[in-house]
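Reader: I have a model open and want to learn how to read its packing. Can we go feature by feature?

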Amino acid sequence: MSKIAFVFPGQGSQAVGMAKDAYESVPAAAEIFRTADDVLGFSLSNLVFEGPETELKQTSNTQPALLTASIALLEAFKEKGIEPDYTAGHSLGEYSALVAAGVLTFADAVSIVRARGQYMEQAVPGGQGAMAAVLGADREALGVLCRDVSETGHVVELANMNCPGQIVISGVKEGVAAVAERVKEAGGKRAIPLEVSGPFHSSLMKEAAGKLAEKLETVTFSPAKVPVVANVTARPVENGQVQQLLTEQVYSPVLWEDSVTWLIQQGVDTFVEIGSGSVLTGLIKKTDKSVKLYNVNSLETLEATAAALK
């Protein structure tokens, strides 16, 4: 039986002008942007549609902006009557997945991710943390190398298991640089520094996680209408677990490859990436070339996806 998963991108997918066509043409999408502006108390929509890009790239702005664009496009796509069997999101995208499954209201989610971005920015002073994408390395060997470097006093850890042959590492600048120099020891080809404002998904984010846990106490989580696959476990979130998993997610590795593999094992053969860009589509293709992949990142791609799935 053919099954569909809706997947939602995380930080790094943002672009000035994302979801503007949905905002201008679909009332339900425009309402999402209006809600975001009201909840946050400033014009997020202006920042998303007009930039400047430097401001949009700030973590505390990027996170609510991406969530808002994803959910605006989801609202527009909902009008086509296509329902997912599962949802999942990469890091920040997990909040979009939870909104899509009815676990969180959009208003609560946008308030949380604004705070999440602020806590993550504050956790490690600018310039001290770093992340890099390691290509071609063996997961276990890279983990051993990270532990070896961390023992010298420079913390570096596995952060994102994105797809076969792409693992992101995260930690202090010196630790990431040391692993980058030695990636060949783990079978890696090279390490590419990422343009991020902090060492996300590493133990250096535990302070941010503590603050986020308090913020999560203030919202209501409803039972999921469809299973949401969590980054931390690569398995569906169970009732009562969401708060704990979202807290752990800040400092734990994103098990994206494992999540995609698990979804495919459940019979998912169609993935629809909803939100800016097409990063996840690329990662899923590298995990399994046989699945069908669609994007909803504009009204044009939305129409093409809806036509293909009807």
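Author: Start with burial. Buried means under 20% relative accessible area, exposed means over 50%, and partly exposed lies in between (1.4 Å probe, protein chains only). F49 has a relative accessible area of 11%, so F49 is buried. This is a predicted model: local features need pLDDT of at least 70, side-chain atom pairs count only at pLDDT 80 or more, and totals for chains, interfaces and linings use all residues. Residues are numbered from 1 along each chain as its sequence is written, and side-chain values use heavy atoms, with hydrogens and water left out.

Reader: Which aromatic cluster holds F49?

Author: First the rule for pairs. Rings of Phe, Tyr and Trp (its six-membered ring) pair if their centres lie within 6.5 Å; planes under 30 degrees apart are stacked, over 60 edge-to-face, and the rest tilted. Y23, F33 and F49 form one aromatic cluster. The structure holds five aromatic pairs. One of them is F6 with F77, tilted, at 5.7 Å centre to centre and 55 degrees between the planes. This pair links distant parts of the chain: F6 sits in strand β1 (residues 3–8), F77 in helix α5 (residues 59–78), 71 residues apart. Helices (H or I, at least four residues) and strands (E, at least two) are DSSP runs, numbered from the N terminus.

Reader: Are F6 and F77 buried or exposed?

Author: F6 is at 2% relative accessibility, so F6 counts as buried. F77 is at 0% and counts as buried too. Back to F49: Y23 and F49 form a tilted pair, 4.8 Å centre to centre, with 45 degrees between the planes. Y23 lies in helix α1 (residues 20–25) and F49 in helix α3 (residues 44–50), so the pair ties together parts 26 residues apart in sequence. Y23 is partly exposed, at 29% relative accessibility.

Reader: How do I read a nonpolar core?

Author: In soluble globular proteins, nonpolar side chains tend to be buried together. A nonpolar core is a set of buried Ala, Val, Leu, Ile, Met, Phe, Trp, Tyr and Cys residues joined through side-chain atoms within 4.5 Å. Here the largest core has 73 residues, and F6, F77 and I274 touch the most other members. Its largest share, ten residues, comes from α5. Another core, of 19 residues, lies apart from it; A132, L158, A186 and L255 are among its members.

Reader: What does F77 touch?

Author: Contact means heavy atoms within 4.5 Å. Leaving out residues up to four places away in sequence, F77 touches residues including F6, I82, V272, I274 and L309.

Reader: Where is S276 placed?

Author: S276 is in the loop between β8 (268–274) and α13 (279–287). S276 counts as buried, at 6% relative accessibility. A polar atom of its side chain lies 2.6 Å from the backbone oxygen of S13. A polar contact is a pair of N or O atoms within 3.5 Å; within protein, one must be able to donate a hydrogen and the other to accept it, and residues adjacent in sequence count only if both atoms are side-chain atoms.

Reader: And strands?

Author: In a regular strand the side chains alternate between the two faces of the sheet. Strand β2 (residues 86–89) is covered on both faces: Y86 and A88 on one side, T87 and G89 on the other, are all buried. Two strands pair if DSSP finds at least two bridges between them. β1 and β2 pair in the parallel sense over four bridges. The bridge partner of V7 in β2 is A88.
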